[in-house]
Amino acid sequence: MANILVVDDELGIRDLLSEILNDEGHSVDLAENATQARTARAANSYDLVLLDIWMPDTDGVSLLKEWATAGVLTMPVIMMSGHATIDTAVEATRIGAFSFLEKPITLQKLLKAVEQGLARNTAQQQPPAAAAQAPTKAPTDPAFAQLPTIPVAQSGGEVGPHAHQGFDLDRPLREARDGFEKAYFEFHLAREGGSMTRVAEKTGLERTHLYRKLRQLGVDLGRGKRGG
């Protein structure tokens with residue numbers, strides 16, 4: 001779980017980003033302007049900051065420069081804007097911004113940018129020896145990325161969600177289909193640690209439709225939820 005600060009003067013965007021990031025298991029603080037962001041940064045240590053560029057009191061680039069000058073730019077900062085020019089994005093990167101997200105921000109781009117930012121933050125905090133000895137992860141073939149992982153059973157230990165299920169086919173089609181769908185969603189909920197955002201992304205359903213479908217099937221929404 002990461003500690004993330006979201007700085008944006010639009011309430012709707014703050015609420016949306018907070019909901020998504022909380023659903024991913026992160027702890028999120030919110031600030032609606034640079035003044036609140038300064039106070040939050042002074043009181044807390046963050047693993048990542050999502051910072052809007054255009055704000056009423058002090059713009060995001062100026063705040064970023066202020067943090068860099070004061071030596072408190074110790075975390076990756078992802079800039080956000082729907083009206084920024086390329087020059088603005090380049091300037092923010094030069095000052096020390098990790099990346100830039102253009103509004104409206106898609107779910108996939110947000111999660112990817114946050115994941116990359118947190119990965120860089122973790123790498124920077126590792127001792128040099130540990131970083132050098134870290135094994136290189138083999139590139140994943142996109143064709144196999146969506147295939148479910150089948151856990152290997154270990155004696156005396158718990159196994160994770162299993163991709164293969166047994167179904168009673170000697171029953172009406174609707175009952176058999178509902179049984180399959182319930183097992184399908186329970187499998188993905190368990191594999192994604194109860195994250196509705198990731199399950200919606202994996203299954204290709206809108207979150208509202210997904211919630212309605214799970215309630216209809218009688219799926220326990222607390223099952224597989226991350227602890228803490």
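Which residue of β3 is the bridge partner of V7? In this predicted model, the partner of V7 is L51.

## The parallel sheet

The sheet is open and consists of five strands, arranged in the order β2-β1-β3-β4-β5 with parallel pairing. Its edges are formed by β2 (27-31) and β5 (99-102); each of these has a single partner strand, so one side of each is left without a neighbour in the sheet. On average, and with direction ignored, neighbouring strands are turned by 20 degrees against each other. As a general point, strands of a sheet pair through backbone hydrogen bonds, in either a parallel or an antiparallel sense.

Strand β1 (residues 3-7) pairs with β3 (residues 48-52) in the parallel sense through four bridges, among them the one between V7 and L51. Five bridges join β1 to β2, again with the two strands running parallel. On that side, I4 has V28 of β2 as its bridge partner.

## Burial of strand β1

Strand β1 is mostly covered, five of its five residues being buried. This burial involves both faces of the strand: N3, L5 and V7 lie on one side, I4 and V6 on the other, and all are buried.

Helix α1 (residues 11-23) lies across β1, β2, β3 and β4 (77-81). Relative to β2, helix α1 runs at about 170 degrees.

## Helix α5 and its two sides

Helix α5 (residues 107-125) comprises 19 residues. From its first C-alpha to its last it reaches 27 Å, close to the 27 Å expected at 1.5 Å a residue. The buried residues of α5 are L110, L111, A113, V114, G117, L118 and N121. They lie on the same side of the helix, because they cover an arc of only 165 degrees around its axis. In general, an α-helix has 3.6 residues a turn, so residues three or four places apart point the same way.

The buried residues of α5 pack against β1, α1, β3, β4, β5 and α9 (196-203). On the other side of α5, K109, K112 and E115 are exposed.

The loop between β5 and α5 contains P104. K103 and P104 are joined by a cis peptide bond, with omega at about -5 degrees.

## Salt bridges

The structure holds six salt bridges. One of them is formed by E10 and K103, whose closest N and O atoms are 3.9 Å apart. This pair links distant parts of the chain, since E10 lies in the loop between β1 and α1 and K103 in the loop between β5 and α5, 93 residues apart. E10 counts as partly exposed because its relative accessibility is 40%, whereas K103 is buried, with a relative accessible area of 16%. Through salt bridges that share partners, D8, E10, D52 and K103 are joined into one network.

A further salt bridge connects the side chains of E24 and R198, at 2.7 Å from N to O. E24 is in the loop between α1 and β2 and R198 is in helix α9, so the pair ties together parts that are 174 residues apart in sequence. With 7% relative accessibility, E24 counts as buried; R198, with a relative accessible area of 26%, is partly exposed.

R38 and E66 also form a salt bridge, with their closest N and O atoms 2.7 Å apart. Here R38 belongs to helix α2 (residues 34-43) and E66 to helix α3 (residues 60-70), and the two are 28 residues apart. R38 counts as partly exposed at 27% relative accessibility, and E66 counts as partly exposed at 34%.

## L217 in helix α10

L217 is found in helix α10 (residues 207-217). Its relative accessibility of 12% is why L217 counts as buried. Apart from its neighbours within four places in sequence, L217 is in contact with D178, E181, K182 and F185. L217 and F185 are 32 residues apart in sequence, and their C-alpha atoms are 9.3 Å apart in space.

Note on methods:
Residues are numbered from 1 along each chain as its sequence is written. This is a predicted model: local features need pLDDT of at least 70, side-chain atom pairs count only at pLDDT 80 or more; totals for chains, interfaces and linings use all residues. Side-chain values use heavy atoms; hydrogens and water are left out. Two strands pair if DSSP finds at least two bridges between them. Axes are lines fitted to C-alpha atoms, for helices over the stretch in contact, and angles run from 0 to 180 degrees between N-to-C directions. Contact means heavy atoms within 4.5 Å. The expected span of a helix is 1.5 Å times one less than its number of residues. Buried means under 20% relative accessible area, exposed over 50%, partly exposed in between (1.4 Å probe, protein chains only). The arc is that of the directions from the helix axis to the C-beta atoms. A salt bridge is a side-chain nitrogen of Lys or Arg within 4 Å of a carboxyl oxygen of Asp or Glu.
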